[in-house]
Each structure stands twice: as structure tokens, then as C-alpha cells.
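Please look over the sequence and the three-dimensional model shown here before reading further.

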Amino acid sequence: MDKKIAGLKIPYFIIACVVIIVSFIFDVLPKGMVGAFLFLIVFGELLNLIGNHTPIIKTYLGGGAIVSIFLGAAITYYKWLPADSIKSINTFMTKGGFLDFYIAALITGSILGMNRKLLIKAAIRYLPCILGSVIMALLLVGGVGLLFGKSVGESIAYIGIPIMGGGMGAGAVPISKVFESALNIPSETILSKLVPAVALGNATAIVAGGLLNRLGKVKPSLTGNGQLVRSNDDSLKAEKKENIILEDVKDYGAGIVIATAFFTFGAILAFLFGKVGIKIHSYAWMIISVVIVKAAGVVPEKIEHVAEGWYNFVAKNFTSALMLGIGMAYTNLGQIFEAFTPSYVILVLAVIIGAITGAGIVGYFVGFYPIETALTAGLCMANMGGTGDVAVLTAADRMELMPFAQISSRLGGALIILLASILVPIFF
């Protein structure tokens with residue numbers, strides 16, 4: 001009875017659950033942030049607890065993250081809650097910007113809190129890992145596709161490229177536009193073929209994240225336990241600072257300002273560069289701007305500490321809520337069910353395995369730990385963008401790798417769009 005869930009002892013947590021359930025019975029869950037936040041935090045923590053204590057799931061499949069995401073998806077798909085409540089929660093996750101708010105805190109705080117020498121040294125070697133991941137994934141799915149009577153081009157174009165493309169908005173949608181211009185087929189028709197691959201690839205990547213975490217426990221030599229660079233130089237060690245507590249309550253407010261200001265600056269750069277034809281996602285510009293100021297050493301240590309403290313607060317308190325929200329708002333069980341044929345699943349697995357092995361092998365040769373590289377340059381290329389990054393790293397228990405995960409999703413996603421524009425005319 002002394003155990004706490006969502007910061008509350010069990011009796012008080014049960015009272016909070018009862019309040020939510022009664023609000024569903026009378027269909028009066030407050031709309032907007034209040035009701036959505038209450039439900040996601042309370043039931044997200046509950047599902048996380050269940051997943052982390054369920055045999056097999058906790059050991060091999062990513063624990064609470066998997067349970068939260070897929071039960072969340074089931075809630076929306078089977079309409080287990082009142083329609084107004086589901087709509088309000090989904091709006092909070094999407095149009096309400098909760099995901100952006102969370103990612104802004106994680107990117108800003110995790111980069112500013114990084115070892116500066118480590119950041120500079122790792123950034124130089126990271127792009128080859130992304131390229132290794134993409135090349136191996138596309139080659140493997142093309143080869144396996146031949147076994148099922150599919151052409152190499154078909155397997156790569158409709159399964160490999162969309163999975164490695166950085167999600168929906170920054171991946172599948174622009175990729176469908178590339179296909180449309182090359183093939184004179186409506187983008188809506190093409191998108192209907194790409195979406196199942198993205199959805200099933202994302203689900204598989206999350207599970208694979210949990211499996212890689214398990215592999216790291218069995219083979220400790222393959223992992224840095226959240227540290228990317230293999231080095232005996234203590235100045236390049238990544239320090240885990242999971243329990244940072246800011247001394248002044250107002251510092252948390254400052255942390256919000258710092259994170260959201262960098263996020264907004266990224267949006268400004270995306271707009272300005274978009275005007276001259278350089279279309280790069282605002283997340284990518286945010287990452288670039290934070291990396292530049294960190295590498296230049298121009299940010300006061302106090303600001304870095306505050307940003308990192310806010311990041312830790314968000315990661316510890318909102319991650320379970322976000323997992324449940326990702327399931328409800330971003331994971332379509334219907335699309336996953338439709339794609340669930342043996343041959344299609346095998347082809348998706350081929351992409352994921354290729355992404356993992358390609359990134360891991362290249363990562364090893366450039367001085368990275370294979371598992372950390374496979375997670376970031378591999379699975380975070382193969383998942384559904386920002387939502388997938390959070391889910392994969394949560395399943396793998398390596399949230400400190402978020403800066404590299406976002407580089408894969410955003411800059412790597414842009415690379416895939418460029419690659420699609422080159423390969424589609426060749427194959428078709």
C-alpha cells in the first residue's frame with residue numbers, strides 16, 4: 001500500500017481512477033487539456049505498471065510502452081470510451097501539441113545536457129550509420145521480395161522506402177507526392193499502399209527496441225547502456241543524470257521557456273528556408289540550432305542545467321501518458337490488421353532486420369556501440385517519426401539517445417525522400 005503510481009499512494013490513485021470512470025459513465029470528462037491530461041497520466045501509469053510486470057512482455061517486448069500503445073490503439077479502434085472523450089484526447093495529442101511539447105523538452109534538455117566533446121565526436125560519424133541502415137534495409141527487402149514473386153522495385157518502393165521514411169507527415173505523405181509525379185498515379189492511391197507498411201513497420205520497430213534492450217542484457221559487450229560512443233576516454237563518457245531536481249520552482253518555468261523557444265525558432269527557420277525552396281522539418285532545424293549553440297559552448301551552464309532539469313521532469317512524469325496517447329491518436333489497429341498477411345509481415349521484418357544490422361555493423365566500425373546505433377540510426381529510421389522515437393527508446397529504456405533518434409527521423413527522413421525521387425523513375 002506504500003507503493004506509488006503517478007506519484008500517489010495506491011488508495012489515492014484508486015480514487016483518481018474511480019473519478020475518471022464515473023466521468024466516462026456520465027460522459028462528462030472535461031474537454032481539452034484537463035480531462036485528456038487526467039486520463040492519460042493516470043491510466044498511462046497504470047498500463048505502464050502492468051506492462052512492466054507482465055512476463056514475456058516485460059522481458060522481450062518492451063514492457064509498459066507496448067501495453068500502453070496497443071491498448072491505447074484498441075481503445076480508439078473498438079470505441080471502448082465515449083466518442084467525445086476519445087475525440088478530446090486525440091485532439092489534445094495532435095492539434096493540442098502535447099507531442100510537440102514533450103519532444104521540445106527532450107531534444108533541448110538532452111542535447112544541452114550532453115557532454116560537449118561527445119556530441120561533436122559522435123555527430124561526425126553518425127551519417128554513415130544512417131546510410132548503412134538504409135542500404136541494408138532496402139537490399140534485404142528487395143531480395144526477400146523476390147522469394148514472394150515481387151519485383152525488387154515493388155518491394156523497395158512500397159515497403160522499404162515508406163518504412164524508412166520518417167513516419168507519415170514527414171515521410172509517407174511527401175513520398176506519395178514523389179510517386180505521383182513520377183508515375184502519374186493519384187497520391188491518395190499510392191498513400192493507401194504506403195500506410196500499412198508505415199504502421200506495421202512502426203509496431204515492429206517498437207517491439208524490436210524491447211528485444212534489443214534484452215539482447216544488451218544478455219550480451220553486455222554490444223551495448224553502452226545508453227552511451228553511443230565506445231571510448232576509454234572519460235571526457236567522452238555520457239553521464240546519466242536521471243534524478244536532476246531543480247532547486248527553484250521557477251527554474252521549471254524557465255525550462256519550459258527555453259524548450260519552447262528553441263522549438264519556435266526551428267519553426268521560424270523552417271518557414272524562412274521553405275520560402276527559398278529548402279524544405280526541412282522544423283524538428284530538424286530545432287536540433288541543428290540546439291546542437292550549434294551547444295557545440296559552440298555559448299550557452300551558460302545555468303541555462304543548460306535548467307533545460308536538462310525540465311527534460312528530466314517531463315520524461316519522468318509524462319512518458320507513460322504520451323505512450324497511451326500515441327496509441328490512441330497515432331496507431332491505427334485497422335491498418336495493422338489489414339497488412340497482417342504472412343508474406344507482408346516477413347517483408348516488413350526484412351526491413352527492420354536490415355535497418356538494425358546495417359546500422360549496427362557500420363556503427364561498430366566507426367566506434368559506436370552496435371545496440372545504441374541499431375536503435376537510433378536503425379529503428380528510429382524505421383519507425384513513425386517523433387512518436388515512434390519516443391516509443392522505441394522507451395521500450396529500449398534508453399531515452400537519453402533522443403537527440404540521435406531525432407536526427408534519424410528528421411534528417412534521415414529527408415534523405416529517404418530524396419532517395420525516393422531518384423529510385424522511383426529507375427524502377428518504374
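The model is predicted, so local features are reported only at pLDDT of at least 70 and side-chain atom pairs only at pLDDT 80 or more, while totals for chains, interfaces and linings use all residues. Residues are numbered from 1 along each chain as its sequence is written, and side-chain values rest on heavy atoms, without hydrogens or water. Helices are DSSP runs (H or I, at least four residues), numbered from the N terminus.

Consider helix 6 (residues 98–112) and helix 13 (residues 301–330), whose axes come within 8 Å and cross at roughly 145°. Axes here are lines fitted to C-alpha atoms, for helices over the stretch in contact, and angles run from 0 to 180 degrees between N-to-C directions. This crossing is left-handed, a term for a near helix turned anticlockwise from the far one by less than a right angle; clockwise gives a right-handed crossing. On the side of helix 6, the contact (heavy atoms within 4.5 Å) includes F98, F101 and Y102, and on the side of helix 13 it includes W310, Y311 and F318. By class, its residues comprise 15 nonpolar, four polar and two charged. In this scheme Ala, Val, Leu, Ile, Met, Phe, Trp, Tyr, Cys and Pro are nonpolar, Asp, Glu, Lys and Arg are charged, and the others, Gly among them, are polar.

A second pair is formed by helix 15 (residues 342–365) and helix 16 (residues 370–382), with axes that come within 7 Å and cross at roughly 140°. Helix 15 is therefore oblique to helix 16; angles under 35 degrees count as roughly parallel, over 145 as roughly antiparallel, 65 to 115 as roughly perpendicular, and the rest as oblique. The crossing is right-handed. Among the residues in contact are I352, A355 and G360 of helix 15 and P370, A374 and G378 of helix 16. The contact has 10 nonpolar, four polar and no charged residues.

How many disulfides does the structure hold? There are zero, a disulfide being a pair of cysteine sulfur atoms within 2.5 Å. The sulfur of C129 lies 13 Å from the closest cysteine sulfur, that of C380, which is too far for a bond. C129 is buried at 0% relative accessible area, and C17 is buried at 10% (buried means under 20%, exposed over 50%, partly exposed in between, with a 1.4 Å probe and protein chains only).

Finally, Y158 belongs to helix 8 (residues 152–163). Y158 is likewise buried, at 13% relative accessibility. Although 35 residues separate Y158 from K193 in sequence, their C-alpha atoms are 6.6 Å apart.

Conventions. Helices (H or I, at least four residues) and strands (E, at least two) are DSSP runs, numbered from the N terminus.
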